[in-house]
Amino acid sequence: MKPEDKQDYLEEYEVFKKKGKPFFPYAVLKDSTMALIVVAVIIAMSLILGAEQGPKADPTSTTYVPRPEWYFFFLFEVLRVIKPPELVPIATVGIPTICMVLLLMLPFYDRGPERRPERRPIALIAGILTILAMGYLTYAGAVAGSPTQIDLKVAPQYEAGKEVVAGSGCLACHKIGENGNNGPGPELTHIASRIPRAAILRSVEIGPGIMPSFRELPPKKLNELADFLSSLN
Amino acid sequence: MPKLRVPKIPDSVVPAPLRKPAKPGQGGNGKGQAPQDLKTSPPERETHVQRLGNQAKEAPVDILAWVDQRTGASGFLTGMLYRKVPKGTNWFYTLGSATLFAFIVQAVTGVFLAMFYTPSATQAYASISHINNDVPLGQFVHGMHKWGASVMVILVFVHMGRTFFFGAYKYPRELNWVIGVVLLILTMTMAFTGYLLPFDQRSYWASIVGININGTGPVVGPYLSDFLRAGPELGATTLARFYAIHMLLVPGAIIALIGAHLYLVMKLGTTAPPWMKMDKPKVAASVAQLDAGVEGNGNGRVNGAGRSNGVHVDGDSAT
């Protein structure tokens, strides 16, 4: 923005301001109305939706699927779009950091004097694409089911392990056959052909990357789980 | 860089000089004659009680004057309340104050929740049960805090969208945009740290994943996740740490930055909608007239291209 543009803007703004109305009571009235609406909406949501408690936090039982609150879905779902393990840091930290810096520095690289959106095509398109992307990711996060059933034929000795996997929230992030979400974790349909049983067990215990550790599961369950997963080849 | 003009407050809205308290015992008109309205009944000497009463009536004014002399608050308040908002200001401009109001709701409900909440891994869950089931209106206030968070996050994003599409982040309001983005990040930090506090299965496992996500960052990632977890496992220390961040650190920063944000809004003024420019006339019909007006105002130079806009811009008295 050139100095003349700045001067132009200030002068024009002064004119608009002179033609405007005093903050009190005109703007205050609108603001107060809006404030009342906000409080009314919050009260209505509290009355209708309540604040139910889930089951108590329990490190030894992972029946609850680890899902973030809905307003973090757009961040969480990036992990399902970018899945290769070596690229995970890009999805978890890289992209959000870049977006944050771009957002923070916006006034310093977009310095044109034009303010009308229809005359700022790049900004307009970038803004709309950002909204669409965030909307899509939030929607994808909202509809991602958290199945607790595995529809898969297995030999009888692996049934117990299948139940542990189904009941431990693994399907929130892993896909097994037609079950579960494809990401952020790798697909487990043929996991045994890629890594041996000991490595599967170690992964479950330490929780590599963003995966939680499941070492608090009872050893019997851990063994059943490892038996089942190492049968998938 | 050109200096920003500070608009002069019209005389009509400046408060009348602060009254001095009336001296006790001044009943008459000063000439030994009773005032007109007292002609029928004989003038009475003010009793001690009446004098005290009169003094008590003036007391609020005295106190206000006392405070005003020491703070200059009345000038500030008049300037704030009667400052002009630009032509075209519409409902889109209420999003910022709506966000502020959602924050106030969070602060007030949060204080009441804090009275009953115990930030301990063994008692947190039970204290939330107590709030929900035993405390009068407990679940209602808890629900307001829980859903107020969603409302506030939505409002922050919509307010930011409005600022973006209206180009309101441009000169001279760049710094306010930066403060706003920091406020957005702090709001998300509040959402993340608050999520663990109920200490149910959902919050426990989601927080583990959240902390692990922080841990994948290059260089600082592992340190950040260690700092958040405050130990090898998510547990009592983590909860205490999230509680302190959620209750003290981030709210303090948010309040300070909201103060800075509002200060800049008042200093620079809110923008006019960008489309207001459109009714600009072709060229310089009355540049001279405008020039004279603006110069008379001490407002500096007028750039050549006419933007008289059919508006007669004269001194500050034109309102």
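At roughly what angle do the axes of helix α6 and helix α7 of chain B cross?

**View 1. Helices α6 and α7 of chain B cross at roughly 135 degrees.** This is a predicted model: local features need pLDDT of at least 70, side-chain atom pairs count only at pLDDT 80 or more, and totals for chains, interfaces and linings use all residues. Residues are numbered from 1 along each chain as its sequence is written, with chains lettered from A and ligands numbered from 1 in the order in which they are written. Helix α6 spans residues 174-196 and α7 residues 201-215; helices are DSSP runs (H or I, at least four residues) and strands likewise (E, at least two), numbered from the N terminus. The two axes come within 8 Å. Axes are lines fitted to C-alpha atoms, for helices over the stretch in contact, and angles run from 0 to 180 degrees between N-to-C directions.

**View 2. Residues of α6(B) meet residues of α7(B).** F192(B), Y195(B) and L196(B) meet S203(B), A206(B), S207(B) and G210(B). Contact requires C-beta atoms, placed from the backbone, within 7 Å. Four residues are nonpolar, three polar and none charged (nonpolar: Ala, Val, Leu, Ile, Met, Phe, Trp, Tyr, Cys, Pro; charged: Asp, Glu, Lys, Arg; polar: the others, Gly among them).

**View 3. Chain B touches chain A.** The contact takes 81 residues from chain B and 69 from chain A. Helix α5(B) gives the largest share of the chain B side, 13 residues.

**View 4. Strand β1 of chain A runs antiparallel to β1(B).** Two bridges join them; pairing needs at least two DSSP bridges. P22(A) has K84(B) as its bridge partner.

Definitions and conventions. Contact = placed C-beta atoms within 7 Å.
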